[in-house]
Amino acid sequence: MVGLLTARLGKGRETDLAIIFLLGRIADPAALQALTALEKTATDKDLKKEVRRSLFKLAQKGMSAPRADGFEVSVPKPILQLSPEIEGYLSSVDGAGGRLVWLAKPQAGSGIQLLQGMVSDREGLLRAGGALIRRKELRRMAQEIRKSHGITMISIPWEYGDQILYEGYEKAKAPGRSGTEQFPSLRAIFNPAKPKSFPHPIYGLLESGGLRSGAGRDLSHRLLEEPELQPWILDEDWVKPYLRQVEEAQESRLVLNPLQKEERFSGIVRDAVREIFYGENQQLFQRRMEDTALYLFKTGREEQAGLALTVALELKEGNAGGLDISFLTGWIQKSLAFYLGQAKAKAAEETSLIVKP
């Protein structure tokens, strides 16, 4: 991450300020070294101030370096090594389109106020809770999730996490479901106002201009091999109409050769891609792929993140039906095979229970 950020230095004053700010949030010797070097070479007054702020933040996390001549700062001992800023964390997206969101806010002398919510992209906020905990307890929770489920809680801008939770609450509230009544009071500790529109963080990390290519669409099926995406199966109500079509084709009295059967199945899959990933579902799947791209990038898989973002951009432009995006095609095929297998297993089980006279 530090290498990616420092490589973009010198492309503009506002960009440099943003990079210096981000370096101050990375508790790593490489970030400290980069900021120390910038402090010595920066000539712009505002840049130097931002460098010193970032170095101060790292010092609060127990990381400090010899100061430049003529600059001294007294760093108070941090309380529980807490950052003074709100922190945001996000899990990967599960097979049903759910993700876990954490917001953590330091409370002077008493630990961290944690707000956590499970958000479904179809149903909105499913459950939410809050607690005052210690930093080590937050780390233990993250380690337990990784150990039990193989999921890393990645760091995200807290504003984006707040946006996900708020939008999820609004969606859940509309049908009148219960179970999230305490969310507004819990969220008010972090942000009592309606969140401002926040651009998806992945677009600040990956250059989207070079991703829209035929190669990216063709290679996107590789995403299905990633551990977090292997459980991805589309909801049954989405694929049910196409399941019936496949079953009818298999039961047809027409004598079809293997090539004709393959062509008929491919036609059903194309229809499913065009109809499931378009219209009212388009934005839902776009966000799902953007969040997946962010997760892959933050867990060190930049190439796979680029493929996920390629799919998101194609969905954004409404290209799901007009272009062959191998990830979407593979996802449909995988989902159809899963439900067809379930139906076959159920039929076999029912047959095995029949007692012959």
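Okay, let's start where two helices touch: Trp 238, Val 239, Tyr 242, Gln 245, Val 246 and Ala 249 in H9 are in contact with Arg 264, Phe 265, Ile 268, Asp 271, Ala 272, Glu 275 and Ile 276 in H10. Contact here means heavy atoms within 4.5 Å. Sorted by class, that meeting of H9 with H10 has nine nonpolar, one polar and three charged residues. For the classes, Ala, Val, Leu, Ile, Met, Phe, Trp, Tyr, Cys and Pro count as nonpolar, Asp, Glu, Lys and Arg as charged, and the others, Gly among them, as polar.

Before going on, this is a predicted model, where local features need pLDDT of at least 70 and side-chain atom pairs count only at pLDDT 80 or more, while totals for chains, interfaces and linings use all residues. Residues are numbered from 1 along each chain as its sequence is written, and side-chain values use heavy atoms, with hydrogens and water left out.

Back to the pair. H9 covers residues 236-251 and H10 covers residues 258-276, and they pack at about 170° with their axes 10 Å apart. The axes are lines fitted to C-alpha atoms, for helices over the stretch in contact, with angles from 0 to 180 degrees between N-to-C directions. So H9 and H10 are roughly antiparallel to each other, a label for angles over 145 degrees. Their crossing is right-handed; that's the near helix turned clockwise from the far one by less than a right angle, and left-handed is anticlockwise.

Now for another pair. The axes of H11 (residues 282-298) and H12 (residues 302-316) come within 8 Å and cross at roughly 165°. H11 and H12 are therefore roughly antiparallel too, but H11 passes H12 in a left-handed crossing. By class, the contact of H11 with H12 has eleven nonpolar, four polar and three charged residues.

Zooming out, the chain has 13 helices and five strands. Those are DSSP runs numbered from the N terminus, with helices being H or I of at least four residues and strands being E of at least two. Of the 357 residues in the chain, 45% are buried. Buried means under 20% relative accessible area, exposed over 50%, and partly exposed in between, with a 1.4 Å probe and protein chains only.

What about the inside? The largest nonpolar core has 76 residues, and Phe 277 and Phe 327 have the most contacts inside it. Apart from that one lies another core, of 15 residues, including Leu 17 and Leu 38. A nonpolar core is a set of buried Ala, Val, Leu, Ile, Met, Phe, Trp, Tyr and Cys residues joined through side-chain atoms within 4.5 Å.

Gly 95 sits in the loop between strand S1 (87-90) and strand S2 (98-107). Is Gly 95 buried or exposed? Gly 95 is buried, at 16% relative accessible area. Leaving aside residues up to four places away in sequence, Gly 95 touches Pro 231, Trp 232, Ile 233 and Arg 288.

Lys 196, in the loop between helix H7 (183-188) and helix H8 (214-219), is exposed at 75% relative accessibility.

Last up is Arg 127, in strand S4 (residues 124-133). Arg 127 is exposed as well, with a relative accessible area of 52%, and touches Gln 116, Gly 117 and Met 118, again not counting residues up to four places away in sequence.

Note on methods. Parallel < 35°, antiparallel > 145°, perpendicular 65-115°, else oblique.
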